[in-house]
Structures are given as C-alpha cells and as structure tokens.
Amino acid sequence: MLKFSITRASLDSGSVEWTWTGHEWRHGASRIEPYEHPGICHEMITDGTAVAVISTERGRGTDAIPGRPPPVRLAPDAYRARLRAACHGALDWTAVELTPRTATVRAGAWAVAPLYLASDNGKLDGSWDLADLRGHCRAGALVDREVARVLRLQHRYTHDTLWEGVHRLTERSTASWTADGLALAYPPGAPHTEPRALRPGADVLDAYEQLLAQAITRRHFIADHSAVELSGGMDSANVAAGLTEPDRPDITAAAMLLDGEAREQQIRRRKEMISAFGIARDVCTDVMAHLPLNPAGRRANGQAVSPYDDPWTEAEEVMMRALTRAGMWWSFGGTGGDELTSLRDDERPPAGEVPTPGPWTGQRTLAVVDHINDGIAPSAVLYDSTLLAFACRTPQFMRNGLWPVSPLADPELIRFAEWLPRPWREHKALNRLRLVRLGLSPEAVHAPTPENFVHAMNAAMRRYVVPFLESMVREGSVLIDAGFVDGSGLAKTVDSEFLKGPHGEMDRTLFHIASTEIGLRGMSGVGE
Amino acid sequence: MNLEEVFSGTPVFTVPTLRERLETKKFSGNSDTNTERDEHE
C-alpha cells in the first residue's frame, strides 16, 4: 500500500516538515507515496514528535479521507489511540511510524499488498513492488535457502527474499530501523481450530452464504467498477454468486480461457454461471496467445519482473489491462478457497516424499535442502499459501490500478470452515452444494473434464521455456555461475525435454528455473 | 452471525505445528506449476 524512502536526517527533524506534493509526502530527500485507489485510505498524523502514515483498506461505510494534507496534529493520547485502532483493523493495513531515532513499520494480518524493505547508506527503502528495490538486489549476495525453496518448489512464507538485505514484511511483523540497522520481528503464532459437531438441523449452506456476504461487504467497493475472476472453478464461482446481488447488476466477469479439450466446456460452464448470477459483461483473455515467456510478454521484453510473480504474469497483464480499460477498480477472486476446504493433516493419507533432486540441482542448492524451514514465519491468521499467493499477484494488480479482493481468505470464514466436519470440506462439497442449491447444472457443479493449465504450460515449455533453459547452458546464467544449478545436469535435462514429441508431457517444474533466472537477471546487478 | 447456533461442543484453539501448516498444501492461484508444487510436498 506504500512506497517510501526515509533518510536518517528526516527522523531527527520535526514532524511539521512533511508536506503533501500531490502524490506523496515529502521531507527533504525522504518520501512516502501511498497507493491511490478509491478502496484504500491513507492519513499522516503526528503528536508533535512522532509522525505516522497509516494506510488501510477502506471499510464499508467509511468516508474517504479527502486530500492528503500535511500531518494532522493530534494530542499524544489521541495519536496513540488512532495508531492503535488502525493496527487492529479488520481489513488490510500498513503503518509507518517515524520517531527521532527509529522508523517502525508494521503490517496487518491480511498482508494483501506485500511490503519489501531494505536499508543502506543511511536510508530505509520500502515498496509493495519489489522492482523498486532492485538497487539493493545483488546477484553476488543471494540467500541460499530461499533460492533452494524457489527452485525446489518448496515455497515458504518468510522474511527472506532471494537477496541478502532485502526483506518481506510478513503478516503482523514489525520492522525497526535504527542507527544499528534494520531488524524484523515475527509475531506470536496465530491459533487455529479443529472440526466440531453440527447441531441438529443446522443450515450449513445458509451460514456459509451469510459469512461470505459479510466477507464481501466488509469493505468499500462500487459494483459497476468491480470485476470477478470467474475461471469456472468452484471458489471463484461461489465468490461471483455472492457478489452478484440484485442491487449489484453491473458486475463484470473475467477469465483466462484455456486451450485443449477443456476449452469448450469452460466456455459453456462460465456462460451458464454468468447467466445464472446475472453478470453484466465478460472480459476473456486467451491464455494460449500470451504464454509464459512469450516474446511479447513482460519476462521476455526486458522488464524487471519479480521472481515471485505469477507464472501466468504475461496473460494476467493482458487481462488486467482489459479490466482497467473497462473501468474496473476492484478485482474479486477465489484466492484462499483451496485452503478453506482443505483437509487436515489427520484427515488425509500420508504425504509423499519430497522427490530426489533432479540432475540440474547444483551443489549450493543441495547444501541447504535441510534448511528449507529455517527462519520461516510462525502460524499466520490466514494461511501461508494464501499469503504467498497475495505476494505473487497483488503487485501486478496494483501496477494496473486495481485492488484484489479475496473474500474466501476472510478470517471468520476460515474459522467457520475449520469447524466444519470433514464431509463438508472434502472435494469442496461446501462450494458444490451451494451451487447446486442455486440451481446450476451437474456439468457446472462437477466439470467432467479437468479444467487446468497443463495443456498451456506444456506448450509454453516446448516453445519458450526449454529453449530459454538451453540458452542458459550455452550462454551462461546467474544460477549456474553461482552454483545453484548444475550446468551439465541442466544440459542433460534440456536434451531429454527436446526429445519429447509435440504431445509429450513436459517436466513443467523446470519452469521455475527459468522464472528465477529471469527474475535474478532483471532485478539484480548481474556479476556484482 | 452466531456460529454457536450451527456448531455444538466447545471449540479448541491451538497454534498449528510446522508439519500441520505444511500439510495445508493446496495453493491458490491459476498455476499448473503451483498445483505441481502440491504434489512435490
């Protein structure tokens, strides 16, 4: 929600020095830039000594804060009360507080917008867009365990990024910047709960609908400026059904259209949902026309693309730009839905072993495979995987002027779903039964053909990704030079992928080697 | 919404262990490769 650069000098001078320039607060060389969006509120307050910028998701019925005045002077008690209230908000928030010797940055439990932090040379830099911190990203100073997590698809929610000195402020964390440097502290682990028995005659679907409606309307949004990513999956379909009330007839649907045998089915199922829910218009993007690493896309045309960006960032960019052109400001979606109906550890068969490292795995990666879980965040209020999904997708929404809303990640819905007996969660029964009650057809509720991106990713691997990996072997690469990827092992892997026919199953996990390499090249000073 | 009208018994709250957290494997998003991460762990 914020981008900022704070110098040591501005900490030690008075709070009255901060002024609003029209798009940011400035004080000498220091600046704090809020994300301008009708769904986000920002304010700067001071008690005469300390100054704080609070950025919050705008709650329903909350007035927008007009303009961006210089710091609002409050009595010390009122200042502390305002800051405390903001830091207990039910929606997403970020707060930066500056006192004469310390800058303190805090994140809320939602962490919809990630915040990356780095400091050096008497300056603290922060941004929701990792690309803004690329001056701090050095290819010669990588965090081994984080590189191993990304390459081995063992992603963890943590303060680590791929670069030493560049940190992610995870949910409820606090960062303190003093003369001694930047220090991040995790919060206590958040409690979760376990299944309970249902009362006789309890209407689970009614309770679900009420909680989902509450999660949707908890925040301010304008229906005719709101879209819902309606892929055809159960999660987004339930969000769409909750979003499209009779008094909200102007909701727009969006989707990335699949290819292969599922395409016609996806089109047919979405058409039924759009009709049943009363959605006003539809914006579709053909994923095959915008495959990962395609020459016209973000990764191939030299932009600084974060290695944490979504694998489908090229197609998502096209979809988000279309939504922006259509006047959308909010994008609702089903993120958090998988976790909501997931089975507990004691409800599923034992997990399989982590696979043996592939021949491409370098010695530096092998050396840290037992340290993947070191330093990770404690139990979060939401789920780790939801928070990682936010970090992966939100910056792209924000660069396009959108704000993503994920009602299925709502903590009250999480608690409700954790209490549900297993049959309600298994195979997303909760979501399917609700759609049945809404009158959707068996095909809409249980897609006979799996709708996923396997076909598209196989095509992307053949056309773009494997040739890129081959170029890494031939021309050199950050990951090979640093020892995270073994060059001769990758060459053998590439050779075997090239031998696969046009309909062969590609090793799609190799995509992450390419996306990490491209992220490192674009964000780091290579060779430094 | 009063969920005590839906559920019976006393709720139990605990901080999940690392293993329990890692078992919540499903990943939100549109990625086939994310799905494969589930299979990996």
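Modeller: A polar contact is a pair of N or O atoms within 3.5 Å, and within protein one must be able to donate a hydrogen and the other to accept it. By that rule, nine residue pairs are in polar contact between chain A and chain B, with both residues at pLDDT 80 or more; the pLDDT condition is there because this is a predicted model.

Biologist: What makes the pair R196(A) and E4(B) a salt bridge?

Modeller: The rule asks for a side-chain nitrogen of Lys or Arg within 4 Å of a carboxyl oxygen of Asp or Glu. In R196(A) and E4(B) the closest N and O atoms are 2.8 Å apart, so the pair qualifies as a salt bridge. Across the interface of chain A and chain B, the rule finds one salt bridge.

Biologist: Which parts of chain A form the side that touches chain B?

Modeller: Several elements of chain A each supply at least two residues, among them strand 15 (192–193), helix 4 and helix 15 (454–475). Helix 10 of chain A gives the most, with five residues. By class, this side of chain A has 27 nonpolar, 17 polar and 16 charged residues.

Biologist: How many residues of each chain are in contact, and how much area do the two chains bury between them?

Modeller: There are 60 residues of chain A in contact with 34 residues of chain B, and the two chains bury about 4,300 Å² between them, 57% of it on carbon and sulfur atoms. R196(A), R199(A) and D345(A) supply 14% of the area that chain A buries against chain B, more than any other three residues.

Biologist: Why is L293(A) called buried?

Modeller: The label buried is given under 20% relative accessible area, and L293(A) has a relative accessible area of 8%, so it is called buried. L293(A) lies in the loop between strand 19 (281–286) and helix 7 (313–325) of chain A, and has a positive phi of about 70° although it is not a glycine.

Technical notes. Residues are numbered from 1 along each chain as its sequence is written. Chains are lettered from A and ligands numbered from 1 in the order in which they are written. Side-chain values use heavy atoms; hydrogens and water are left out. Helices (H or I, at least four residues) and strands (E, at least two) are DSSP runs, numbered from the N terminus. Buried means under 20% relative accessible area, exposed over 50%, partly exposed in between (1.4 Å probe, protein chains only). Contact means heavy atoms within 4.5 Å. Buried area is the accessible area (1.4 Å probe) that two parts lose on being put together, summed over both. A polar contact is a pair of N or O atoms within 3.5 Å; within protein, one must be able to donate a hydrogen and the other to accept it, and residues adjacent in sequence count only if both atoms are side-chain atoms. Ala, Val, Leu, Ile, Met, Phe, Trp, Tyr, Cys and Pro count as nonpolar, Asp, Glu, Lys and Arg as charged, and the others, Gly among them, as polar.
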